[in-house]
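This briefing is an introduction for a reader new to the structure. Please look through the sequence and the model first, then read the points below.

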Amino acid sequence: MKLTEGMDPNDLEDRVKPEIHFDEFGAKMGTDDDVIVASFKVMGQAAAVDLETFLEKGYDWILDAETSAADIEDSDWTMLPYMGTKKDPLYNLTQNNIATHIPLSPKKYRDNKAAQGVMEGMLNIARVPRTLGDIDEFRATAKRPRS
């Protein structure tokens, strides 16, 4: 289907916060193995609804779009991966950073989530005193070829 109405070039200029969060929210359609959830903020309810409609009608690979309340600030386009935390710096939104920081296979996604869960469980079983966000920097190690 070709989208021929609704949005003109620059309609949302200065209305969209140039920051995308990946998998901040769980998938509503399908499973987290099958769906990557991207979220971003738009200033104003009417602009958000316009963008929601544009995304749903303009791209057949987008399963769903949903509008909710949000705030907006000025910044360059950035991204926060699912395993990122509020104290992590945002990454510049580039194709390379998406490929580097977003698990694009179900196995990698599950491995990242499982690794964090294992560390959490070990600390809890050992009754190590905990603080909020104390394992935010923990990441699964990547397999390396033997030398």
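Strand E1 and strand E3 (residues 78-80) run parallel and are joined by three bridges. The model is predicted.

- His 21 has Ser 39 in E2 as its bridge partner, and Phe 22 has Ala 38 in E2.
- On the E3 side, Glu 19 is bridged to Thr 78.

**The faces of E1**
- In a regular strand, side chains alternate between the two faces of the sheet.
- E1 is covered on both faces, with Glu 19 and His 21 buried on one side and Ile 20 and Phe 22 buried on the other.

**The largest pocket**
- Rolling a probe the size of a water molecule over the atoms shows where empty space is left.
- The largest pocket holds about 1300 Å³ of space.
- Its lining has 37 residues, and those closest to the pocket centre are Ala 38, Ser 39, Phe 40, Asp 64 and Ala 65.
- Ala 38 and Ser 39 are also the E2 bridge partners of Phe 22 and His 21.
- Which elements supply at least two residues each to the lining of the largest pocket? They are E1, E2 and helix H1 (45-58).
- H1 gives the largest share of this lining, with five residues.
- By residue type, the lining of the largest pocket has 21 nonpolar, seven polar and nine charged residues.

**The aromatic residues**
- There are two aromatic pairs in the structure.
- One of these is the edge-to-face pair of Phe 54 and Tyr 59, with 6.0 Å from centre to centre and 80° between the planes.
- An angle over 60 degrees counts as edge-to-face, which is why a pair at 80° is given that name.
- Phe 54, Tyr 59 and Trp 61 belong to one aromatic cluster.

Definitions and conventions. Residues numbered from 1 in each chain as written. Predicted model: local features only at pLDDT ≥ 70, side-chain atom pairs only at ≥ 80, totals over all residues. Heavy atoms only, no water. Pairing = 2+ DSSP bridges. Helix = DSSP H or I, 4+ residues; strand = E, 2+ residues; numbered from the N terminus. 1 Å grid on protein atoms, 1.4 Å probe; cavity = no way out; pocket = protein on both sides within 12 Å on 5 of 7 lines; lining within 4 Å. Points joined across faces, edges and corners; volume = space filled by probe spheres on them. Nonpolar A, V, L, I, M, F, W, Y, C, P; charged D, E, K, R; others polar. Phe/Tyr/Trp six-rings, centres within 6.5 Å; stacked < 30°, edge-to-face > 60°. Buried < 20%, exposed > 50% of the residue type's maximum accessible area, 1.4 Å probe, protein only.
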